[in-house]
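Hi,

Here is the structure I promised to pass on, with the sequence alongside. Have it open while you read, and my notes on what turned up follow below.

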Amino acid sequence: MRTEVFAHPVSFRRDPRAEAERLRASGVDRVRLAYAYHSGRWLLTTSDPAAVVDFPAGRWFARRSREEGTRLSLPVLGDEATAAATALVASDVAVTGWLVGLHQSGPATARPELALRNAFGHPYRHALCPAQPEVVRCARDLVAETARQPGVSGLELEAFGYLGWQHQSAHDKFGVAMRPLDRWLLSLCFCAACSARFSAAGIGAAEAAARTRAVLLAQLAAPRPAGGITEDAVAALGQDLHDGVLAVRAEVTTDLVRAAAEASGGLPLSVRATDDPYACDGKSSGDLRALARAAGSLTVTSLAGDAAALRRDLVAATRAGAAATAGWNLGAAQTDDEEELMDIARLARTHGAGSLVLYAYDLAPAPRLEWLRRLPRDPVAGDTAVTPSPHDRQTEPAR
């Protein structure tokens, strides 16, 4: 089993070759390097300890095509990804272009007609809608250009699908009891493109929006306790609307991933995915079998540190017949000690994961890099028993 890490180009600003050599010496086979990322504020631990790096959303490689800029595109924040990839490849560390695609506040704010729009008509400034044809073209362009970058030998798609209402860095505040159901309902998109997809599928978009508004207004006025999210969602929308809404959203997500894969130039591609149909946290949610066919492979993660959730998605990926990578958070709040990391590695191996990818270089404590050298590397076939998957879990936000 290969050892990989997620990393941001800002970690390579000071001395790209030194950071690349540090990763190689730590036993890292591949870096999933952010070529497009949401806004962030990172406290670095390794490349420049205690530095606080603040950056907006956008892409981290330079435009090289004169034709770009005529359509929706992400702002260029620098060319650090190119410098980092060059140094990594020179150090015999492979590079996957990591794209956090639709979690882009700049375009979503500038073009609110392309953003997610809830049942009350409010656009979300942090998330583009995957049903919008112009957004799909932008995603295809981003994938195609990243695939042509020097040193990139694979692609990782995150936030290629529907995101949700909650957005960490916006200082979300609310004073009512929010059930998993309410968070999901607030995340449903009823923009013109989504409404058209609903109508084409025989779903009454106006009725679905009206029921969504009624449930949310009732919860704001007189909060009710949560049941299971599936039962609550069916009660809120009715069985037919519920099933239809989930089916359309899964289809939209698969269509986006398929379009991205077609633009990848044949590079190996993996999509960050989950079996939870109510997830809206940056993972592509829906039919894992269809997503695996569209992308080629799946990356399943629990960056929140929930081993049971990781196991559920690994089992689901196995049932879908998908090649999978397992992702885990090496941070101090999610991993207590080296033995816990070894347990996660054994879990990933048992369920056939080809790689364990750790989040994130320069955020986790620097001494933990030494743990990576001792991770198991030989594949192990084993138990694929199924654990029930309660869809009450609200998984981690896009990272």
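Let's start with a pair of helices: H8 and H9 are roughly perpendicular to each other, because angles of 65 to 115 degrees count as such. One thing to keep in mind throughout is that this is a predicted model. Helix H8 covers residues 229–237 and helix H9 covers residues 239–262, and they pack at an angle of about 115 degrees with their axes 6 Å apart. The crossing of H8 past H9 is right-handed. On the H8 side the contact is made by Ala233, Val234 and Leu237, and on the H9 side by Gln239, Leu241 and His242. Sorted by class, that contact has four nonpolar residues, two polar ones and no charged ones.

There is another helix pair to look at, made up of H1 (residues 16–25) and H2 (residues 80–90). Their packing angle is about 45 degrees, and their axes are 8 Å apart. That makes H1 oblique to H2. The crossing of H1 and H2 is right-handed. If you want to find the contact on screen, pick out Pro16, Arg17, Ala20 and Leu23 in H1, which meet Ala83, Ala87, Leu88 and Ala90 in H2. By class, the contact of H1 with H2 comes to seven nonpolar residues, no polar ones and one charged one.

How many cavities of 30 Å³ or more does a search of the whole structure find? The search turns up three. The largest cavity has a volume of about 70 Å³. Its lining is made of 13 residues, and those nearest the centre of the cavity are Leu330, Ala360, Tyr361, Ala364 and Leu369. The lining of the largest cavity has 10 nonpolar residues, along with one polar and two charged ones.

The second largest cavity comes in at about 50 Å³. The residues lining the second largest cavity are Leu74, Gly101, Leu102, Leu128, Val135, Cys138, Ala139, Leu142 and Phe160. Which helix gives the most to this lining? That is helix H4 (residues 133–147), with four residues. In this lining, eight residues are nonpolar, one is polar and none is charged.

Finally, a couple of backbone details to check while you have the model open. Ala360, one of the residues nearest the centre of the largest cavity, is joined to Tyr359 by a cis peptide bond, with omega at about -10 degrees. Ala360 sits in the loop between strand E14 (355–359) and helix H13 (369–372). The other detail is at Ala50, where phi is near 80 degrees, a positive value in a residue other than glycine. You'll find Ala50 in the loop between strand E3 (40–43) and strand E4 (52–55).

Cheers

Key:
Residues numbered from 1 in each chain as written. Predicted model: local features only at pLDDT ≥ 70, side-chain atom pairs only at ≥ 80, totals over all residues. Heavy atoms only, no water. 1 Å grid on protein atoms, 1.4 Å probe; cavity = no way out; pocket = protein on both sides within 12 Å on 5 of 7 lines; lining within 4 Å. Points joined across faces, edges and corners; volume = space filled by probe spheres on them. Nonpolar A, V, L, I, M, F, W, Y, C, P; charged D, E, K, R; others polar. Helix = DSSP H or I, 4+ residues; strand = E, 2+ residues; numbered from the N terminus. Axes fitted to C-alpha atoms, helices over the stretch in contact; angles between N-to-C directions. Parallel < 35°, antiparallel > 145°, perpendicular 65-115°, else oblique. Left-handed = near helix turned anticlockwise from the far one by under 90°. Contact = heavy atoms within 4.5 Å.
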